[in-house]
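Thanks for sending this one over. Below are my notes, point by point, with the cut-offs spelled out where a term comes up.

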Amino acid sequence: MRGTRFARIITYLVLGLFSLLFAFPFYYVFVLATWPGDRVLEFPPHMFFGNGVQENAQILFSRVPYLKNFLNSLGIAAISTVLTIFFCTMAGFAFAKYKFKFKKQLYQFVIATLAIPGFLNIVPFYKMMVAFKWINTWLPLIVPGMAGAFGIFLMTQFMENSIPEEILEAGRIDGLTEFGLLMKIAFPLAKPGMAILGIITFIGSWNSFTSAMIFLPSVEKTTLPVALSMLNSRVDNNMGGLMLGTALSLIPIIIVFVAFSKQIIAGLTAGAVKS
Amino acid sequence: MKRLAVLLLALVCAGTLFAQQFDPNKKYVVTMGLYGDLERAYKKVFESPAFKAKFPNVTFKFQTADFNGHHNRLSTVIAAGEVPNDIEALEIRYVANFIEGGGLTDLGAPPFNGKQVGKDIVAFAMANATTTKGKLLAMPVDIAPAVLFYRKDLADAAGVNLDNLKSWDEYIEVGKKLMIDKNGDGKKDQFAITHPGDVALIPLNGGNGDWIKDGKILEPKERYIAVLELAKKIRQAGIDADLGAWTGPWVESFKNGTVATMPNGAWFGGSLKTWIAPDLKGKWRVAYLPGKMYAAQGGTYLSIPAKVPAERKAVAWEIIKYLTTNPEAQLITFKEIDAFPALTTVYNDKIMDEPEEYFGGQKVRKIYADVALHTPNSEVTEYDNVIVSIWNRAIGNVILGKQTPEEAYQQALKDIKATIQ
C-alpha cells in the first residue's frame with residue numbers, strides 16, 4: 001500500500017515536471033509580450049511580467065491591421081478544419097470499408113503524394129491559382145488541402161480499427177443508406193480521429209506562412225504569421241509588438257486544444273486497448 | 001507596298017513607345033514588394049512635398065514581409081512566370097539569385113538606360129547588380145559600408161586605440177588587451193568580438209561577389225586561406241564571446257559591455273542607436289576596418305520584374321529613378337531608417353559632415369562615405385548564395401577545429417564544384 005502511494009507520488013511529480021516543461025514556453029511568450037521591445041532580449045531572461053503591454057499594443061496595432069489579420073487566420077483555419085475533417089473522413093471511410101476496383105493502387109497513390117515536398121509544387125500550384133483567379137482569396141489556402149493525403153491516411157487507419165463491420169451491417173439491415181451509414185455511424189464513431197485531424201489541420205493552417213505570403217499579397221487580406229513577419233526588423237525595434245502579437249495568436253490554439261482535449265486524448269489512445 | 005509596311009511598322013513602334021511612356025496626368029497605383037523597414041522610409045519620401053509635386057497622380061500599394069518571406073515570394077512568382085509587384089526590392093545577398101536566371105527587366109537597356117541614369121550611384125553597388133553579360137537588373141537604393149564599431153570607454157580603460165589598426169593580426173593583439181575579468185571570478189567576461197564568424201565574409205567584399213572570377217573558383221587561394229586562418233586565430237586567441245547572432249545574449253552583449261567591438265555594415269549603427277543600446281550614447285565609436293579594408297555588408301536594390309506590363313514599367317521606372325537618384329529622397333530614407341545613400345552626390349551634403357551624438361560627436365558618415373567610394377567592384381554570379389553557405393560551413397569547421405584552413409578550403413572548393421557543375 002505504502003509502495004503504491006510512493007509510486008503515485010513519484011508519477012505525479014514526474015508528470016508535474018513535464019507539464020511545467022511543456023507549459024513554460026507558452027508562459028514565457030506571454031511574459032515577453034509584456035516587456036518593452038528594447039528589454040525583450042535582455043539576459044538573464046525575464047521570468048515575470050513587465051509593464052510594456054500598452055507600448056507593445058501601440059506598435060502592434062499601428063503597424064499592421066492585426067484584427068483583420070486575426071479574423072482572416074481564424075476564418076481560413078476554421079473553414080479548412082471543417083472541410084478537411086468532412087472530406088478526409090469520407091475518403092477514409094471509403095478506403096477502409098468499401099471494396100472497389102483499383103482501391104489498393106489509388107490508396108498507394110494517395111500515400112505516395114506524401115513523399116513529395118510541398119515546396120516542389122509551389123510554382124505549378126501558383127500558376128494554377130492565377131489561372132483560377134484565386135489570388136488574394138482564401139481559396140488556395142482551403143480548397144487544395146480539403147482532401148489532403150495525410151488526412152485521408154489518418155482517417156483510413158482510424159476507420160479500419162474503430163468501426164466494426166458488424167455495426168455497418170446492422171445499419172444496412174435497419175435500412176440506412178450508404179450516406180446514412182457515414183453520417184449516423186461512421187462520423188459519431190470516428191470523433192476521436194476527427195478531433196486529432198482537426199487539431200493538426202487547425203494548427204497547420206493557423207501557422208501557415210509561405211502559402212499565405214504568396215497567395216494573399218494584400219496586407220488587409222493576409223494572415224497573422226505574414227502580418228507578424230512585417231514587424232521583423234533590424235533597424236526598428238518592434239520586438240515588443242511582435243511578442244504581443246505572437247502571444248495573442250496563441251490564444252485560439254490553446255482554446256481549440258482545451259475544447260477538444262477529451263476527444264484528442266481518446267483519439268491518441270484509440271486502439272491502444274483491446275476491446 | 002513596301003512603303004506601307006514601313007509606315008505600319010513605324011506606327012506600331014511609335015504606339016509601343018507611347019504606351020511605355022509615363023503620363024504625369026494619368027492616375028497610377030504602383031505596387032511595391034518590400035522587406036523590413038523600407039515601407040516606412042518610402043512612405044515618408046512619397047509624402048514629401050517635392051514628390052507630390054512631381055507625381056501628383058501616383059499612389060502606392062505595399063506588400064511587406066521579412067527578408068526571407070519577401071524573397072521566397074518573389075522567387076516563386078517569378079519562377080511561375082507571373083506578374084509580381086511593379087517594383088520589387090532585393091537585398092544584396094539575393095540579387096545574385098536573379099543575376100543569370102532572368103525574370104527581371106534589364107534596366108541598362110533603352111528606354112531605361114539605367115547605367116547612364118545611375119552614373120552617380122556608387123560604382124561597386126552598380127557592379128553588384130550587373131550580370132556578366134552587362135545587364136543591369138536592379139538599381140542600388142541604399143548600401144551598407146562595413147566599418148568597425150567599438151566601445152570607446154572600454155578601449156580607453158584597456159589602454160588601446162582601435163582607430164587605425166594596421167591589420168587583422170593587430171586587431172587580435174589589441175583584442176587580447178580588451179579581455180577583462182570584470183567580476184573577479186577568474187573568468188574573462190569582456191571580449192573583443194561576439195564570434196569569429198563575424199569576420200567570415202567581411203574581408204571577402206562582405207561576401208558580395210568574386211567567388212568565381214574569370215571562371216576560377218575561390219581564387220586567389222591565399223585570400224581565402226587568410227580568412228580561414230583569421231577565424232582560427234580569433235578563436236585560438238580566445239577573444240570571442242562565442243555568441244550566436246541575433247540571440248538574446250548577443251544583443252545584450254553590446255549593451256552590457258560583454259563585447260567591445262563589432263565589424264558590420266553601417267546599418268548596425270542605426271540598430272545600436274535605436275534599440276540595441278540607446279542608453280550607451282557617446283560610448284560607441286566607428287573606425288575603419290583593420291588594414292583600412294573596404295567592403296560592404298548589406299544594401300537594397302530596386303528592380304522591375306520582366307512580366308510587368310510596359311506602361312507600368314514606365315511609371316515604376318520613374319519611381320525607382322526618384323528613389324535612387326533624387327538627393328532629397330535618398331536623405332529622407334537615410335534619416336528615417338539609417339539606410340546609407342547609394343547616391344554619391346549626397347556625400348557632399350552638409351548632413352554627411354554633421355557630428356553624430358550617439359557616436360560621441362564623431363563624423364561617422366564621412367567614414368561610411370569614404371568606405372563606399374573605395375569599395376572595389378566585384379563580379380556576381382547566380383551561384384553566390386550557394387557558395388556563401390558552403391563558405392560559412394568551412395568557416396564553422398575551422399572555428400570548431402574539425403578542419404585545418406587548408407582542408408576546409410579544399411572541401412569548400414570540392415563542394416562548390418559539385419554543386420555548380
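1. The lining of the largest cavity divides into four nonpolar, five polar and no charged residues. In this classification Ala, Val, Leu, Ile, Met, Phe, Trp, Tyr, Cys and Pro are nonpolar, Asp, Glu, Lys and Arg are charged, and the others, Gly among them, are polar. The lining residues are Phe124(B), Asn128(B), Asn205(B), Asn208(B), Ala295(B), Ala296(B), Thr375(B), Pro376(B) and Ser378(B).

2. Before going further, the ground rules: this is a predicted model, in which local features need pLDDT of at least 70 and side-chain atom pairs count only at pLDDT 80 or more, while totals for chains, interfaces and linings use all residues. Residues are numbered from 1 along each chain as its sequence is written, chains are lettered from A and ligands numbered from 1 in the order in which they are written, and side-chain values use heavy atoms, with hydrogens and water left out.

3. How many cavities of 30 Å³ or more does a search of the whole structure find? The search finds one, and the volume of the largest cavity is about 40 Å³. A cavity here is a set of points, on a 1 Å grid over the protein atoms alone, where a 1.4 Å probe fits but cannot get out; lining residues have an atom within 4 Å of a point. Points are joined across faces, edges and corners, and the volume is the space filled by probe spheres set on them.

4. Turning to the interface, 26 residues of chain B are in contact (heavy atoms within 4.5 Å) with 23 residues of chain A. The buried area between the two chains is about 2500 Å², with carbon and sulfur atoms giving 60%. That area is the accessible area (1.4 Å probe) that two parts lose on being put together, summed over both.

5. The rule finds four residue pairs in polar contact across the interface of chain B and chain A, both residues being at pLDDT 80 or more. A polar contact is a pair of N or O atoms within 3.5 Å; within protein, one must be able to donate a hydrogen and the other to accept it, and residues adjacent in sequence count only if both atoms are side-chain atoms. On the side of chain B that touches chain A, two or more residues each come from strand 2 (58-65), helix 4 (67-79), helix 11 (248-255) and helix 12 (267-276) of chain B. Helix 4 of chain B gives the largest share, six residues. Helices (H or I, at least four residues) and strands (E, at least two) are DSSP runs, numbered from the N terminus.

6. Across the same interface there is one salt bridge, meaning a side-chain nitrogen of Lys or Arg within 4 Å of a carboxyl oxygen of Asp or Glu. It joins Glu82(B) to Lys127(A), at 3.7 Å from N to O. Over all chains the structure holds 30 salt bridges.

7. Within chain A, Glu165(A) and Lys97(A) form a salt bridge with their closest N and O atoms 3.8 Å apart. This pair links distant parts of the chain, 68 residues apart: Glu165(A) is in helix 8 (residues 165-173) and Lys97(A) in helix 3 (residues 66-97) of chain A. Chain A has 14 helices and zero strands.

8. Two cis peptide bonds deserve a look in chain B. The bond from Pro110(B) to Pro111(B) is cis, with omega near 5 degrees, and the one from Glu219(B) to Pro220(B) is cis, with omega near -5 degrees.

Terms used
1 Å grid on protein atoms, 1.4 Å probe; cavity = no way out; pocket = protein on both sides within 12 Å on 5 of 7 lines; lining within 4 Å.
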